Amino acid sequence: MNATSGPTLILGPNFGTLDAMKILSVVVWLLFVLWGVYTIIAAYHWLRYGHQSSVAIPALVVHVVVSLALALFALSGFSS
């Protein structure tokens, strides 16, 4: 069998290799999307069905600020 024939000629020699940074970036974006969906749904339900909406808005602001601070800290690479 010829070494240059087969699917690697069509797909390329690096088709089966996975880049860890690409996988990590996809995972981070998926987590960000899930966090965004969760935040929107939680905010809607808390504002719509909560008995004390005066508490809901500050709690939502704290949720968003703390979540973004933790995400930025995690993405910073823990470097000083």
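The legends below describe close-up views of a predicted model.

**View 1. Helix α2 along its length.** Helix α2, which covers residues 20–49, has 30 residues and reaches 43 Å from its first C-alpha to its last, a span close to the 44 Å expected at 1.5 Å a residue. Gly36, Thr39 and Ala43 are buried in this helix, and the buried residues of α2 pack against α3, the helix of residues 53–75.

**View 2. Thr39 and its surroundings.** Thr39 is part of helix α2, and because its relative accessibility is 10%, below the 20% limit for burial, this residue counts as buried. Its side chain reaches the backbone oxygen of Trp35 at 2.8 Å, a distance that lies within the 3.5 Å used for a polar contact. When neighbours within four places in sequence are left aside, Thr39 is in contact with His63 and Val64, and both of these positions fall in the range 53–75 given for α3.

**View 3. A nonpolar patch on the surface.** Leu18, Ile23, Val27, Leu31 and Leu34 form a nonpolar patch on the surface, and together these side chains belong to residues with about 520 Å² of accessible area.

**View 4. Ile40 of α2 and Leu60 of α3.** Ile40 has its place in helix α2, where its relative accessible area of 59% is over the 50% limit, so that Ile40 is exposed. Leu60, by contrast, is listed among the buried residues of α3. Ile40 and Leu60 are 20 residues apart in sequence, and their C-alpha atoms are 9.9 Å apart in space.

**View 5. Helix α3 and the residue that follows.** Helix α3 has 23 residues and reaches 33 Å from its first C-alpha to its last, close to the 33 Å expected at 1.5 Å a residue. The buried residues of this helix are Ala56, Leu60 and Ser67, and what covers them includes α2; in the other direction, the buried residues of α2 pack against α3. After α3 comes Gly77, whose phi is positive, near 85°.

Definitions and conventions
Residues numbered from 1 in each chain as written. Predicted model: local features only at pLDDT ≥ 70, side-chain atom pairs only at ≥ 80, totals over all residues. Heavy atoms only, no water. Helix = DSSP H or I, 4+ residues; strand = E, 2+ residues; numbered from the N terminus. Buried < 20%, exposed > 50% of the residue type's maximum accessible area, 1.4 Å probe, protein only. Polar contact = N/O pair within 3.5 Å; in protein donor to acceptor, adjacent residues only side chain to side chain. Contact = heavy atoms within 4.5 Å. Patch = residues over 30% accessible without salt bridge, like charges linked within 9 Å, V, L, I, M, F, W, Y side chains within 5 Å. Areas by Shrake-Rupley, 256 points an atom, 1.4 Å probe, with all protein chains shown as cover. Salt bridge = Lys/Arg side-chain N within 4 Å of Asp/Glu carboxyl O. Expected span 1.5 Å × (residues − 1).
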